[in-house]
Protein chains: 2
Amino acid sequence: MNHLHQIYQVIWQSRPLMQAAEAAVERGLEGSGLTVRMRAVLEILADGGAATVPDIAQRLEIKRQYVQLMINDTHAAGFTEAVPNPRHQRSKLIALTEVGQRLITQVMQREKELLKRIGGDLPDGELGITLKTMQQLIARLKSATEEKTP
Amino acid sequence: MNHLHQIYQVIWQSRPLMQAAEAAVERGLEGSGLTVRMRAVLEILADGGAATVPDIAQRLEIKRQYVQLMINDTHAAGFTEAVPNPRHQRSKLIALTEVGQRLITQVMQREKELLKRIGGDLPDGELGITLKTMQQLIARLKSATEEKTP
DNA sequence: TCTTATTGACATTACAAATGTCATAATGAC
DNA sequence: GTCATTATGACATTTGTAATGTCAATAAGA
C-alpha cells in the first residue's frame with residue numbers, strides 16, 4: 001500500500017467511524033427519553049456549565065437557529081431550563097435541571113463504560129499517534145480548502 | 001490525557017475530519033459540473049468498471065433507491081450511460097461515457113495532488129497505525145452496537 | 001412451471017443543518 | 001444620553017442526504 005493510498009484510506013475511514021460512533025450513541029440512548037441532538041446539548045452543558053444559545057452553537061459548530069430547536073426539545077422534556085444571565089438581560093443562560101443533570105451523567109457514564117470495553121486495550125502510544133494524525137489532516141484539509149477563498 | 005479520553009477524542013475527531021474532507025472534495029468539484037453525489041458514482045465506476053445500480057448501492061453502503069437518483073443525475077449530465085448486461089436483461093450495467101471517464105480521471109488526479117500536498121510528509125508508520133486504529137474502533141463499535149440486536 | 005427474489009420507478013418521510021426574516025433589545029461609539 | 005449597530009429569540013423556508021414504502025415487471029431458482 002503506497003503512501004497516497006494510505007492517506008486516502010485514513011481520510012475516508014472517518015465516515016464509517018463517525019457513523020459507527022453515532023449509531024452506538026443512539027443505541028445507548030434507547031429508553032432514556034433523549035434524542036441524539038438533545039444529548040449533544042446536555043453534554044455541552046454538563047462539560048462547560050450553563051451557556052447561552054449562541055455559545056452552545058459556537059461550541060457545536062452549528063448555527064444558533066438550529067440550537068434553538070434543540071433547546072426547545074430539552075426544555076419541553078424538562079432536562080434544561082432558562083436561568084437569568086448576569087451578563088445579558090435577554091439572552092438567558094441555559095442550565096441543566098436536576099433531572100437533566102442526573103440523566104446526562106448516567107448516559108455519559110454508560111458511554112464511558114462502552115469506551116472502556118471497546119478500546120481499553122489499545123496502546124496509548126498508538127492512540128496518541130492516531131489523534132495527532134487525524135488532527136493534522138483536519139487542519140491541513142481545512143487550510144487547503146480555504147486557500148484563496150477566505 | 002488519560003486513556004479513555006484519548007479514545008473519546010479519536011472517535012469524535014472523525015466528524016470534523018469527514019467534514020473537512022468533504023468540503024475539500026466539494027471545493028475541487030467547482031466548475032466541473034459534478035456534484036458530490038455524482039462524483040461518488042463516477043469514482044465507483046472508475047475503480048471497478050461498469051456496475052448495476054444495486055451493485056453500486058452495496059459498495060457505497062447506501063440504499064439502491066438513492067443510488068437511482070444519483071444515476072439519474074449522471075445520465076442526465078451525459079457522464080454515464082446504461083449498457084446491456086449479459087448477466088441480466090432488465091438490470092442494465094451503468095458505464096462511464098467517454099466524457100465521464102475523462103472528467104472523473106481529471107478530478108481524481110487533482111485530488112491526488114491535493115493529498116500529496118496535504119499528507120506527503122506524514123510518516124508511513126504513523127499513517128498505518130492511524131488506519132489500523134480507526135478500523136479497529138469501527139469494527140468494535142459496530143459489533144458493540146449490534147450486540148443482542150441482530 | 002411456479003414460486004420467490006430482484007429491479008426499476010416513483011412517492012413519501014425523516015433528519016440534520018443552513019438560510020432567510022423580523023421585531024426587540026442590548027451594546028458601543030460618539 | 002442618543003443613535004447606529006449588533007445580538008438574540010422566534011419562527012418560516014429551503015436544501016441535501018438518506019431511509020422507507022410501494023408496485024408492477026421481470027428474472028432466477030426449486
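B:Ser14 lies in helix α2 of chain B, where helices (H or I, at least four residues) and strands (E, at least two) are DSSP runs numbered from the N terminus. The model is a predicted one, in which local features need pLDDT of at least 70 and side-chain atom pairs count only at pLDDT 80 or more, while totals for chains, interfaces and linings use all residues. Residues are numbered from 1 along each chain as its sequence is written, chains are lettered from A and ligands numbered from 1 in the order in which they are written, and side-chain values use heavy atoms, with hydrogens and water left out.

When neighbours within four places in sequence are left aside, B:Ser14 is in contact with A:Ser14, A:Leu17, A:Met18 and A:Met134, contact meaning heavy atoms within 4.5 Å.

Helix α2 (residues 14–29) of chain B also meets helix α1 (residues 3–29) of chain A, their axes coming within 8 Å and crossing at roughly 135 degrees; axes are lines fitted to C-alpha atoms, for helices over the stretch in contact, and angles run from 0 to 180 degrees between N-to-C directions. That angle makes α1(A) oblique to α2(B), given that angles under 35 degrees count as roughly parallel, over 145 as roughly antiparallel, 65 to 115 as roughly perpendicular and the rest as oblique. Among the residues that meet here are A:Val10, A:Trp12 and A:Glu22 in α1(A) and B:Ser14, B:Ala21 and B:Val25 in α2(B).

The two chains are related by symmetry, as a rotation of 180 degrees with 0.0 Å of shift along its axis superposes chain B on chain A with an RMSD of 0.1 Å, the superposition being by least squares on the C-alpha atoms of residues with pLDDT of at least 70 in both copies. This is the relation of a two-fold axis, and the same surface serves both copies, with 100% of the contact residues of chain B recurring in chain A.

Within chain B, helix α3 (residues 36–48) and helix α4 (residues 53–60) pack at an angle of about 100 degrees with their axes 11 Å apart, and are therefore roughly perpendicular to each other. In this packing, B:Ala40, B:Ile44, B:Leu45 and B:Gly48 in α3(B) meet B:Ile56, B:Arg59 and B:Leu60 in α4(B).
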